[in-house]
Amino acid sequence: MDSPSPNEEPKLPPQVSLKLEPFVHQVGGHSSMLCLDEATVGKPLLVREKAFYENLPEILVPFTAQYRGTIQVTCNEDAGGYLTLTTFPPAGYIAYEGTMPVKHRIKWHHGICIDIECVETSSDEDIFEDDTSMTPVSSSPCVEHSIERRPSHSHNPWILHCHRGHIAKMLGLDVDAIHSQQSHSPCHFENLPSFEFLLLENLTWRRKRPCVLDVKMGTRQYGDDAPESKRRSQSLKVENSTSGSLGIRLCGMQVFQVSTNKYLCRNKYYGRSLTDDGLRRSLAQFFHNGERLRTDIFQPLLDRLNRLLAVINQLDCYRLFTSSLLIIYDGLDGQPSEIDVRIIDFAHATQRDMTAESQTYTGPDDGFIFGLKSLIELIEELSKKE
C-alpha cells in the first residue's frame with residue numbers, strides 16, 4: 001500500500017469515535033457549541049438552518065462560515081459528574097492539524113450547576129473576565145458573583161448559559177424537575193440517545209487571542225412561523241433597544257486587553273440595555289486593547305462591510321430574520337490586523353421556495369440593510385475621531 005504523501009493529511013477511519021469539547025470563544029446565541037477539531041465547530045441542527053446552508057447563493061458564501069456536513073453527538077456522565085461528548089466523524093472527514101487534544105471538560109454539580117474546567121494548567125487558564133454591568137452570567141442558580149469581583153474563567157462565561165439546558169436534554173434530564181433537588185444519579189444508557197449537529201468552520205481558528213463581536217441585525221427578530229406571543233415579545237425588545245433605532249443590537253463580545261492579559265466579556269443582557277450612545281461606546285471598547293485603539297482595523301473593516309452591503313442589495317427575496325453579524329480580529333500585539341466579517345444563525349432565514357409554507361418576499365432585506373448601514377456609519381464616526 002502506498003504511504004500518504006508528506007503534504008496529505010490522514011483521513012480517520014470511520015469507526016474511530018472522537019471526543020468533543022465546548023467552544024470557549026462563543027460570545028452570544030443560545031446553542032450548545034462544540035469543537036470537533038481546531039478548525040471545526042458544531043451546533044445543534046435545525047432543519048431550516050441546514051437547508052439554508054445547503055442552498056446558499058454563491059455571492060453570500062464568502063460572508064458565511066463554511067458548512068461541513070452533520071454529525072450525531074452522544075453525551076454520557078460518569079460517576080464523578082464529568083461528561084463525555086462523542087461522535088463518529090462524517091465520511092471523508094480530515095482532521096485539521098490532527099486530532100485535537102481535549103483541553104476542557106464539563107461537569108455537573110447536583111444535577112443543576114454546570115462548570116467547565118481546564119484539563120491541565122495552561123497560559124489560557126482564567127483569562128476571561130465577565131465585564132457585564134447587568135446581572136452577571138453565573139454557572140448556576142446556586143452560585144452568585146458580585147460585579148466587583150469580576151470572576152475569571154478559562155472560557156467565555158456566556159457558554160455556561162448555553163450548555164446547561166441543551167446538555168441536560170442530551171442526558172434525558174428535566175432541568176425544571178431537578179432544579180430543587182440536591183443530587184441525581186449519573187446518567188448511563190444502554191443505547192445512548194444522540195443529537196444531530198451542524199458542522200461549521202471555526203471562524204476564530206488561527207487567531208492567538210480572538211476578539212469577537214456578535215451584533216444582532218435588523219428590525220424584525222422573529223421568523224415566519226413564530227406564534228403571536230413570540231412576535232409581540234420580540235417586537236417589544238426591538239422597540240426598547242438599539243434594534244429599533246439603529247437596526248443593530250450588541251448580543252455579546254469579548255475583547256482582549258494586552259494591559260492585563262485578559263478578555264473583557266459582555267453578554268446580550270448588557271446589549272439590550274444600551275442606548276445609541278452606549279452602543280457607540282461599546283464599539284469603541286471592542287476596538288481598544290487596553291492600551292490603544294486598533295486604528296489599523298477600521299479601513300479593512302469598512303471595506304468588508306461595504307462589500308457585504310453590496311451583496312445583500314443583490315439578494316432578491318432573501319430575509320435574514322434573527323441573524324447576527326460576527327466581527328473577529330486578533331487582539332494580540334504583533335499578529336496580523338486581518339479582520340473578518342461573517343453572517344451567522346440562519347434558523348429563521350428564508351428565501352423563495354424554501355418550503356411550501358414559506359412566505360415569499362420581494363426585493364432585498366431592508367431591515368438587515370438598515371442595520372448594516374448604521375454599523376458602517378458608527379465605524380466611520382469612530383475612525384474619524386481618531
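A salt bridge is a side-chain nitrogen of Lys or Arg within 4 Å of a carboxyl oxygen of Asp or Glu. By that rule, the structure holds 16 salt bridges. The model is predicted: local features need pLDDT of at least 70, side-chain atom pairs count only at pLDDT 80 or more, and totals for chains, interfaces and linings use all residues. Residues are numbered from 1 along each chain as its sequence is written, and side-chain values use heavy atoms, leaving out hydrogens and water.

**Exercise 1.** Find the salt-bridge partner of Glu54 and say where the two residues lie.

*Solution.*
- Step 1: Glu54 meets Lys50 through their side chains, at 2.8 Å from N to O.
- Step 2: Both residues belong to helix 1 (residues 47-54), four residues apart, or about one turn of the helix. Helices (H or I, at least four residues) and strands (E, at least two) are DSSP runs, numbered from the N terminus.
- Step 3: An α-helix has 3.6 residues a turn, so residues three or four places apart point the same way.
- Step 4: Check exposure, where buried means under 20% relative accessible area, exposed over 50%, and partly exposed in between (1.4 Å probe, protein chains only). Glu54 is partly exposed because its relative accessibility is 44%, and Lys50, at 23%, also counts as partly exposed.

**Exercise 2.** Work out which helices the salt bridge between Arg280 and Glu381 ties together.

*Solution.*
- Step 1: The closest N and O atoms of Arg280 and Glu381 are 3.2 Å apart.
- Step 2: Arg280 lies in helix 7 and Glu381 in helix 9, so this pair ties together parts 101 residues apart in sequence.
- Step 3: Arg280 is partly exposed at 30% relative accessibility, and Glu381 is partly exposed at 33%.
- Step 4: Now look at helix 9 (residues 366-385), whose buried residues include Phe368, Leu372 and Leu375. Its 20 residues reach 29 Å from first C-alpha to last, close to the 28 Å expected at 1.5 Å a residue (1.5 Å times one less than the number of residues).

**Exercise 3.** Describe the seven-stranded sheet and name its edge strands.

*Solution.*
- Step 1: The sheet is open, with mixed pairing and the order 9-8-13-12-11-14-15. Two strands pair if DSSP finds at least two bridges between them.
- Step 2: Strand 9 (152-153) and strand 15 (339-344) are the edges, each pairing on one side only.
- Step 3: Strand 11 (residues 210-217) pairs with strand 14 (residues 324-330) in the antiparallel sense over seven bridges. Here Pro210 has Asp330 in strand 14 as its bridge partner.
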